[in-house]
Amino acid sequence: MATPTKSSTDEFIKGLWKENPVFVQVLGMCPVLAVSNTAMNALAMGLATAFVLVMSNIVVSSLRSFIPKQVRIATYILIIATFVTVVDYAIQAVSLDLYKALGAFISLIVVNCLILGRAEAFASKNTVGRSMMDGLGMGIGFAFALFCLGAVREVLGAGSLFGAQLFHDSFQDWVVMILPSGGFFTLAGWLLLFNWLKQRKAKREPTAALGLSKEVA
Amino acid sequence: MSSHELASPAAPPSIWHMYRSMVGIGVFCGLLIVTVFQVTRPVIERNKAEALQEAILHVLPAASTSNAYRLADDGAFEVLEGDGEQLVYAGYDADGKLVGLAVEAQGMGYQDVIALIYGYSFTEDAIIGIQVLESKETPGLGDKIESDPEFLSNFERLDVSLTDDRSKLANPIVPVKHGTKSNPWEVDGITGATISSVAIANILDRSAQYWMPRIGANLSDFQGGE
């Protein structure tokens with residue numbers, strides 16, 4: 001996946017857009033659908049995941065020659081679970097309200113396949129610096145995607161953004177957008193937009209698009 | 001002990017290498033978690049205590065300080081020092097005069113247990129405010145029990161006066177359909193959140209049936225504010 005010609009800036013950029021974990025790779029759908037009912041929850045969840053991703057990428061990559069192949073998955077999970085626990089306590093210390101809103105989903109970052117996926121596919125084969133940039137890019141890309149979903153769902157479902165009322169009282173909230181089904185609708189909308197953009201780009205420059213799809217695969 | 005030993009993929013690593021990596025990383029992770037736990041514990045406990053204090057002052061708007069009490073075996077109330085099973089909080093105004101009591105209560109909601117605290121004013125013989133402490137009700141529907149102003153206005157003055165023999169509530173707190181509230185002891189429900197709003201009424205009723213006669217009999221226990 002990583003060729004020597006790629007700079008660490010490229011590793012950072014790719015997670016934001018070209019290989020966005022949610023809109024392009026479609027990974028880690030459980031928190032994406034469950035915790036994106038308000039912009040604030042989505043952003044907090046995204047940043048918590050990004051922190052775990054960066055830290056686990058750094059640790060996995062710096063220990064990559066120390067960990068035997070046979071026990072690598074168990075070791076990665078151990079490292080990821082440790083950082084998730086750290087985040088869990090940190091959020092409780094920062095804001096109890098936020099902790100209540102995110103609930104069990106903080107602990108469930110452990111099983112987010114995006115994090116184990118990056119550890120296995122990237123950090124275990126690349127240097128610490130590149131792994132950190134990869135984690136940062138993917139993490140921010142993930143947080144960005146969650147925020148996109150959360151903002152749309154909160155605006156339509158509750159008529160507010162970050163708790164601030166946007167519309168006149170006569171606006172009828174689309175309650176369905178706050179409920180789980182709203183997560184699917186919103187995700188579908190964003191994926192539609194992203195695929196449409198990709199296809200449009202592919203029509204314009206066929207060769208570049210081929211390279212992109214190969215890389216994602 | 002270095003990466004050289006693992007350089008050749010053909011040779012499987014020894015058991016020792018596996019143990020070394022798993023146990024080593026395990027010990028390190030354990031230490032990290034213990035450290036973070038120790039560092040954050042006082043902050044988390046302070047946050048929780050502050051949240052509770054805020055809730056007490058919210059349901060007893062006239063109060064500026066509060067004391068925790070627990071029900072002793074002989075039926076009287078005693079001041080509780082430090083942590084433990086805190087159940088009833090007495091609120092005092094700036095002059096140290098008792099203004100009301102805050103009581104914690106919980107019961108089953110739609111998804112999970114709902115924990116709440118309510119303020120009781122003995123001069124009005126009524127519940128004068130509630131705040132939900134913990135709930136996992138459906139976002140957008142059931143969680144209106146925390147935010148719906150019309151629903152919360154039920155608890156600006158919810159009658160909990162006792163019968164003449166002071167053994168139980170004169171009128172149990174009952175949930176009614178939205179818009180049909182006609183008595184001060186009825187709770188006007190929320191359309192679309194029937195189960196959650198009925199749960200609140202039932203939690204309050206059960207708790208008030210238990211606490212109000214006991215509090216009424218021992219009101220003097222709380223007068224000794226600071």
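This is a predicted model: local features need pLDDT of at least 70, side-chain atom pairs count only at pLDDT 80 or more; totals for chains, interfaces and linings use all residues.

User: How many helices and strands does chain B have, and in what order do they run?

Analyst: Helices (H or I, at least four residues) and strands (E, at least two) are DSSP runs, numbered from the N terminus. Chain B has four helices and nine strands, in the order α-β-β-β-β-β-β-α-α-β-β-β-α from the N terminus.

User: Which strands pair with β4(B)?

Analyst: Two strands pair if DSSP finds at least two bridges between them. Strand β3 (residues 88–92) of chain B pairs with β4 (residues 98–108) in the antiparallel sense over five bridges; Y92(B) stands opposite L98(B) there. Five residues separate these strands in their hairpin, where G96(B) takes a positive phi near 80°. Strand β4(B) is also antiparallel to β5 (residues 113–121), with eight bridges, and G107(B) has I114(B) as its bridge partner in β5(B). The hairpin from β4(B) to β5(B) passes through four residues.

User: How many residues of chain B are in contact with chain A, and of which classes?

Analyst: Two residues are in contact if their C-beta atoms, placed from the backbone, lie within 7 Å. By that criterion, 24 residues of chain B are in contact with 24 residues of chain A. The side of chain B has 15 nonpolar, seven polar and two charged residues; nonpolar means Ala, Val, Leu, Ile, Met, Phe, Trp, Tyr, Cys and Pro, charged means Asp, Glu, Lys and Arg, and polar means the others, Gly among them.

User: Why does R72(A) count as partly exposed?

Analyst: A residue is buried if 20 or more other C-beta atoms lie within 10 Å of its own, exposed if 12 or fewer, and partly exposed in between, with C-beta atoms placed from the backbone. R72(A) is partly exposed because it has 17 C-beta neighbours inside 10 Å. R72(A) lies in helix α4 (residues 72–94) of chain A and touches I67(A) and S124(A), not counting residues up to four places away in sequence.

User: What percentage of chain B is buried?

Analyst: Buried residues are 32% of the 226 residues in chain B.

Key
Residues are numbered from 1 along each chain as its sequence is written. Chains are lettered from A and ligands numbered from 1 in the order in which they are written.
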